[in-house]
Amino acid sequence: MSLYKILGFVPNDIRVYELALVHKSSPLKIDENKWANNERLEYLGDAVLDLVVADILYRKYPTKREGFLTNTRSKIVQRETLDQLAVKIGLDKLVIFSTRMSSHSNHLYGNALEAFIGAIYLDQGYDKTYRFIQERLIRRHLNVEELIRKEMNFKSNLIEWSQKNKIDISFDLIESFIDNEGNPVFQTAISILGEQIGIGIGFSKKESQQEAAKMALNRIRTDKSFQKKISHYKQGYKTNPTPGSMGTE
């Protein structure tokens, strides 16, 4: 896979693209005492991507409210979506990283895509970056309407469910540690009616809570015995309600 095939144009400065593909686990030697990786470009690309996607959505949906636009942008720029896009355009075949680490555990392909976008911005400017994101990423590889319908904020949906049904839930951080690559890892558990119904692991507390909430919602929707437990609780609540507060963070 060539850079030209991914980009659709000839780069001015090939070096900035090469740096965008260097993960911190396998840094590039700049000189005798200096090494570099794609983290700074990732930081830049993250900001540029947010702006471009916001710009695209603002123009595409002129009558939609801010909440819709924010939620849709979040779905497009979330790590899972970026990982998939990086693979679809062939960027995964070019990323340089240590063979000791798992390429699927810490979103390195999605992070590399952000760094790549940062490189395009530095090399070609905003307009060319806008066209790359719109034409080569979104139009070719993303069904935005389908993405809009996709449920993403599992934590918010779970809290909304708990408030509607007057059932307390708790989000508990049960473990945090540093993995072999130096990344912080968090594990969150969700309990409802005294029962642990969801456990999630992520590279941030928020990500672990989302994963735990996803599991909890699936349990609520599919587990017949747990649904019966909820029903019995709600019947008891109606006959003898007691005040409570949501045990959420």
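Of the contacts in the chain between residues at least 6 apart in sequence, 57% join residues at least 24 apart. Contact means heavy atoms within 4.5 Å. The model is predicted: local features need pLDDT of at least 70, side-chain atom pairs count only at pLDDT 80 or more, and totals for chains, interfaces and linings use all residues. Residues are numbered from 1 along each chain as its sequence is written, and side-chain values use heavy atoms, without hydrogens and water.

The chain holds 11 helices and five strands. These are DSSP runs numbered from the N terminus (helices H or I, at least four residues; strands E, at least two). Buried residues make up 43% of the 249 residues; buried means under 20% relative accessible area with a 1.4 Å probe, protein chains only. The chain exposes about 14,300 Å², by the Shrake-Rupley method with a 1.4 Å probe. Carbon and sulfur atoms supply 50% of that area.

Now the sheet. Three strands form an open sheet in the order E3-E4-E5, with antiparallel pairing. Two strands pair if DSSP finds at least two bridges between them. Strands E3 (169-178) and E5 (195-202) stand at the edges, each with a single partner strand, so one side of each lacks a neighbour in the sheet. Neighbouring strands are turned by 20 degrees against each other on average, direction ignored. Axes are lines fitted to C-alpha atoms, for helices over the stretch in contact; angles run from 0 to 180 degrees between N-to-C directions.

Seven bridges join E4 (residues 184-192) to E5. Alanine 189 has isoleucine 199 in E5 as its bridge partner.

Two helices follow. H9 (residues 154-165) packs on the sheet and touches E3 and E4. Its direction makes about 150 degrees with that of E3. H10 (residues 205-222) also packs on the sheet, touching E3, E4 and E5. The direction of H10 makes about 140 degrees with that of E5.

Key: Buried means under 20% relative accessible area, exposed over 50%, partly exposed in between (1.4 Å probe, protein chains only).
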